Amino acid sequence: MSRLILVLGDQLSEKLSALREGDRTTDTVVMAEVKDEATYVRHHPKKIALIFSAMRKFASVLEDDGWLVAYTQLDDTENAGSIVGELLRRAEQTGAAEVICTEPGEWRLINKLTHAPIKTTLLPDDRFIASHGEFEAWADGRKALRMEYFYRDMRRKTGLLMEGDEPAGGQWNFDHDNRKRAPADIDAKGPLRFEPDNITGDVLALVETQFDTHFGELRPFWFATTRAQALEALDHFIKHSLPGFGDYQDAMLHDEAFLFHAIISPYLNIGLLGPLEVCQAAEKAYTDGIAPINAVEGFIRQIIGWREYVRGIYFLEGPEYAKRNVLKQTRDLPAMYWGGETGMACMKAAVSQTAQHAYAHHIQRLMVTGNFALIAGIDPAQVSDWYLEVYADAFEWVEAPNVVGMSQFADGGVIASKPYVSSGAYINRMSDYCKGCAYKVSQKTGEGACPFNTLYWHFLDRHRDRFSGNPRMGNMYRTWERMDEDKRKTVLQDAEAVLAKLDAGEVV
Ligand code: FAD
Ligand code: DLZ
Ligand code: SF4
């Protein structure tokens with residue numbers, strides 16, 4: 001009996017478990033560009049274009065490899081508009097009575113497929129280093145699920161940067177070397193950019209007409225859309241940017257969106273690159289003497305540590321995880337997240353780079369847009385939807401733990417041992433934003449004070465019951481309590497004034 005092998009837009013890997021299970025002589029691969037997936041949140045046009053173009057090219061790879069592929073383009077007149085609708089349509093056409101699929105990276109779609117009115121088997125997604133079972137075994141019985149210990153196990157498992165049983169360079173983690181501010185004249189090459197070919201050109205024209213109301217700029221479009229291009233982009237990063245990755249990992253510059261970051265997360269997350277091959281390429285740069293240990297260890301930790309860890313948490317915690325809101329924050333996401341006017345130079349830079357590239361690097365996501373949402377009391381579900389929409393690398397298995405957990409502390413501390421909040425001083429130390437800002441970072445209160453400065457204390461004050469006993473936050477609360485009472489009152493009043501402006505939809 002023939003079967004349908006469903007390949008989703010973020011499953012573009014030749015060694016996918018569903019393809020390994022399939023039989024080229026009897027089964028049909030189903031791939032479909034569908035409105036449901038492109039609009040369940042209003043994804044950035046660049047993200048939709050990346051996925052559609054890479055899907056079309058991957059379908060050709062499969063056909064060249066002997067597969068029969070039933071591919072549906074978004075504007076095909078028969079398009080059923082949803083993944084399950086397309087499966088049912090193809091089942092009727094081919095007579096297939098069964099679907100095989102690699103587990104999707106989102107509970108929403110897992111739920112749809114497991115309740116589809118056709119027998120559907122989900123296979124493990126083994127494009128990761130740790131299986132669900134391994135993560136569960138690691139988590140079992142632990143009081144706190146801290147990434148660092150999981151990461152060490154992944155180092156031991158993969159043998160990456162290991163010298164026998166010991167970590168290369170004598171340390172597991174070189175983060176203390178990775179907090180340099182970037183000089184203004186820094187020479188960063190940025191990512192490799194690809195000219196759109198005819199297939200991408202067709203997709204761009206389609207996205208331009210169908211998703212013109214979505215936030216973000218479609219052109220210029222330069223993402224890699226094939227595995228060969230993604231490998232070239234990786235090679236370019238290893239040669240040109242990896243050596244500086246560690247030193248400037250946390251730095252932010254107004255005119256340098258990418259600095260020494262890899263810009264490979266979209267390729268990893270849609271399956272054009274695998275995590276192990278990426279880390280092995282970085283490790284080779286260390287053994288060849290091209291990149292220092294602090295850069296290579298830091299980079300590898302992001303992938304076999306953070307990336308694997310957040311996936312583990314997403315599946316361990318279950319479908320309700322993404323909806324958590326333990327701090328009960330309810331404010332609406334301000335218009336500045338959609339490009340609305342703001343005097344805050346850091347927010348403006350992070351949001352406009354996001355609109356331009358469907359990309360912002362980790363510290364912009366965590367310490368600018370994330371930090372502001374958290375201290376301003378924004379509803380984490382709205383914050384999470386924003387991140388899922390605007391970044392080309394955002395799929396819920398990786399987005400939700402990073403946003404709901406790491407950035408918004410809405411999971412109550414499953415991921416982070418304390419909330420990532422800071423005043424303007426941190427942003428000033430790590431960036432060149434403040435010098436072009438309408439606010440003054442050195443000013444703590446009064447007209448023109450940096451909103452991060454007042455909202456930071458407001459956050460700590462309003463969540464005192466939860467955080468004042470946290471040993472990692474003792475210093476913050478001691479500083480707050482040492483401030484004289486009038487000053488504290490003024491800080492809180494000024495913060496309230498900022499919040500009132502946000503609530504009234506006024507420019508902050
Ligand atoms: P680099 O800085 O060069 O890092 C190399 C690789 O490490 C990345 O490509 C990525 O695959 C991996 N990585 C680094 N940090 C993380 C992390 N915290 N979690 C998972 N993988 C990581 N990453 C996503 O892939 N998708 C998301 O939707 C996403 N949302 C985020 C939301 C917030 C609030 C925060 C703080 C982080 C988020 N991240 C997300 C993690 C990180 O910001 C991006 O992976 C990174 O910016 C991608 O750019 P890069 O390839 O240049 O990464
Ligand atoms: C994100 C996305 C988009 C925009 N479009 C499609 C699509 O048309 N067809 C498809 O198969 N997949 C798409 N995807 C990726 C899915 O949304 C993704 O597989 C789930 O979110 C699970 O990670
Ligand atoms: Fe951001 Fe405050 Fe600096 Fe302005 S002064 S850029 S709001 S941190």
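This is a predicted model: local features need pLDDT of at least 70, side-chain atom pairs count only at pLDDT 80 or more; totals for chains, interfaces and linings use all residues.
View 1. Residues are numbered from 1 along each chain as its sequence is written, chains are lettered from A and ligands numbered from 1 in the order in which they are written, and side-chain values use heavy atoms, with hydrogens and water left out.

**View 2. The chain is divided into domain 1 (4-123), domain 2 (132-191 + 241-317) and domain 3 (335-503).** These bounds come from an automatic or database domain assignment. The centres of domain 1 and domain 3, taken over C-alpha atoms, are 39 Å apart. Where the two meet, domain 1 gives 13 residues to the contact and domain 3 gives 15 residues; contact means heavy atoms within 4.5 Å.

**View 3. Here is the side of domain 1 that touches domain 3.** Which residues of domain 1 lose the most area to domain 3? They are Val41, His44 and Lys47, which together make up 44% of what that side buries. Seven residue pairs, both at pLDDT 80 or more, are in polar contact between domain 1 and domain 3. A polar contact is a pair of N or O atoms within 3.5 Å; within protein, one must be able to donate a hydrogen and the other to accept it, and residues adjacent in sequence count only if both atoms are side-chain atoms. Helix 3 (residues 45-64) supplies the largest share of this side, four residues. Helices (H or I, at least four residues) and strands (E, at least two) are DSSP runs, numbered from the N terminus. Across this interface, the rule finds zero salt bridges, a salt bridge being a side-chain nitrogen of Lys or Arg within 4 Å of a carboxyl oxygen of Asp or Glu.

**View 4. Ligand 2 has 19 residues around it, and Asp10, Ala32, Val34, Glu37 and Glu106 come nearest.** A residue counts as near if one of its heavy atoms lies within 4 Å. Look for a backbone N or O atom of Ala32, 2.8 Å from a nitrogen atom of ligand 2.

**View 5. Glu37 is found in helix 2 (residues 35-39).** Its side chain makes a polar contact with the side chain of Arg108, at 2.7 Å. Leaving aside residues up to four places away in sequence, Glu37 touches His43, Ile83, Arg108 and Leu109.

**View 6. Ligand 1 is surrounded by 29 residues, the closest being His261, Ala262, Ile263, Asn269 and Tyr359.** An N or O atom in the side chain of His261 is 2.7 Å from an oxygen atom of ligand 1. Tyr359 also has a side-chain N or O atom 2.7 Å from an oxygen atom of the ligand.

**View 7. Arg301 forms a salt bridge with Glu297, with the closest N and O atoms 2.8 Å apart.** Both residues lie in helix 13 (residues 293-317), four residues apart, about one turn of the helix. How many salt bridges does a search of the whole structure find? The search finds 31.

**View 8. A cis peptide bond joins Arg219 and Pro220, with omega about 0°.** Pro220 sits in the loop between helix 8 (198-210) and helix 9 (227-240).

Note on methods:
Buried area is the accessible area (1.4 Å probe) that two parts lose on being put together, summed over both.
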